[in-house]
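Here is a friendly tour of one protein chain. Keep the structure open beside you as you read, and look for each part as it comes up.

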Amino acid sequence: MEEQSGPAAAEAAATVGHRITDLRRAAGLSLSELARRAGLGKGTLSELEAGHRNPTLGTLYALTAPLGVGLASLIDLGDFRPRGAASGDGVNAILLDVLGEPGITAVTEVYRLVIEGGAHRSSPAHGAGVREQLTGVTGVAVVGRVGAEQRVGPGETVCWMSDVQQSFTAVGGQPAVGVLLITHPS
């Protein structure tokens with residue numbers, strides 16, 4: 001996330017915290033259960049919900065699957081634009097933009113995806129109807145639904161429904177770079 005400080009950052013953190021709380025309650029999840037499903041500490045989640053901690057992009061993304069929502073449901077697209085990266089297991093996803101209006105139109109998250117040479121990462125399922133599309137820029141990757149992965153190279157595009165576990169692997173010992181779109185239905 002872009003570093004923010006002062007009253008605007010506190011207000012943004014409080015807004016995100018309230019949204020997390022509302023979505024958690026609507027899903028019928030306790031604080032402990034959501035923290036467990038998202039792989040977060042209960043104290044961290046409590047501080048986020050109270051607005052006492054600025055969320056990172058990785059933390060927000062960890063909450064989306066257990067809550068069954070897209071990233072745009074947690075943030076105010078008009079006032080609070082995330083900038084930053086979610087990294088792990090040799091994969092770096094840099095959020096470039098969020099397009100659309102949650103609840104009104106489909107929402108598309110736009111990422112610059114870098115998979116380090118030889119890296120492999122599994123990603124949890126997203127909600128029903130969520131679609132991913134990767135266009136290769138450099139290198140070669142094998143990506144998609146586990147058991148149905150597809151090869152993508154420079155200038156090629158592959159799409160898959162991401163309602164099940166997915167995997168991302170760079171092949172040939174070289175990094176693979178691409179533009180990843182994740183589209184959540186309205």
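Two strands count as paired if DSSP finds at least two bridges between them. With that rule, the predicted model shows an open sheet of 4 strands in the order β4-β9-β6-β7, with antiparallel pairing. The edges of this sheet are β4 (120-123) and β7 (150-152), each of which pairs on one side only. On average, and ignoring direction, neighbouring strands here are turned by 20° against each other.

**The chain as a whole**

How many helices and strands are there in the chain? There are 4 helices and 10 strands. Along the sequence they follow the pattern α-α-α-α-β-β-β-β-β-β-β-β-β-β. The chain has 186 residues, and 42% of them count as buried. Among contacts with a separation of 6 or more, 63% are between residues 24 or more positions apart.

**Strands side by side**

Let us return to the strands. In general, strands of a sheet pair through backbone hydrogen bonds, either parallel or antiparallel. Strand β4 is joined to β9 (residues 166-171) by 4 bridges, and the two run antiparallel. To find this pairing on screen, look for S123, which stands opposite Q166 in β9.

Strand β5 (residues 131-138) is another one to look for. Antiparallel pairing joins β5 to β8 over 5 bridges, and E132 stands opposite W160 in β8. Strand β5 also pairs with β10 (residues 176-184), again in the antiparallel sense, over 7 bridges. In that pairing, Q133 stands opposite L181 in β10.

**A helix with a buried face**

Now turn to helix α2, which covers residues 31-38. Which residues of α2 are buried? They are L31, L34, A35 and A38. Seen down the axis of α2, these buried residues fall within an arc of 100°, so they line one face of the helix. After α2 comes G39, whose phi is positive, near 75°.

**The nonpolar core**

The largest nonpolar core has 38 residues. Those with the most contacts inside this core are I20, L63, Y111, L113, I115, L134 and V143. Which residues does L63 contact, leaving aside its neighbours within four places in sequence? They are I20, L34, A38, L40, L45 and L74.

**Salt bridges**

The count of salt bridges comes to 6.

| Salt bridge | N to O distance |
|---|---|
| R24 and E49 | 2.7 Å |
| R37 and E33 | 2.7 Å |
| D163 and R145 | 2.6 Å |

Start with R24 and E49, whose side chains meet in a salt bridge. R24 lies in helix α1 (residues 7-26) and E49 in helix α3 (residues 42-49), so the pair ties together parts that are 25 residues apart in sequence. Are these two residues buried or exposed? Residues under 20% relative accessible area count as buried. R24 has a relative accessible area of 10%, so R24 is buried. E49 is at 11% relative accessibility and therefore counts as buried too.

The pair R37 and E33 brings us back to α2. These two residues are 4 residues apart in that helix, so they are separated by about one helical turn. R37 is partly exposed at 47% relative accessibility, and E33 is partly exposed with a relative accessible area of 22%. This pair also belongs to a network of salt bridges that links E33, R36 and R37.

D163 is partly exposed, with a relative accessible area of 37%, and R145 counts as partly exposed at 28% relative accessibility.

Key:
Residues are numbered from 1 along each chain as its sequence is written. This is a predicted model: local features need pLDDT of at least 70, side-chain atom pairs count only at pLDDT 80 or more; totals for chains, interfaces and linings use all residues. Side-chain values use heavy atoms; hydrogens and water are left out. A nonpolar core is a set of buried Ala, Val, Leu, Ile, Met, Phe, Trp, Tyr and Cys residues joined through side-chain atoms within 4.5 Å. Buried means under 20% relative accessible area, exposed over 50%, partly exposed in between (1.4 Å probe, protein chains only). Contact means heavy atoms within 4.5 Å. Axes are lines fitted to C-alpha atoms, for helices over the stretch in contact, and angles run from 0 to 180 degrees between N-to-C directions. The arc is that of the directions from the helix axis to the C-beta atoms. A salt bridge is a side-chain nitrogen of Lys or Arg within 4 Å of a carboxyl oxygen of Asp or Glu.
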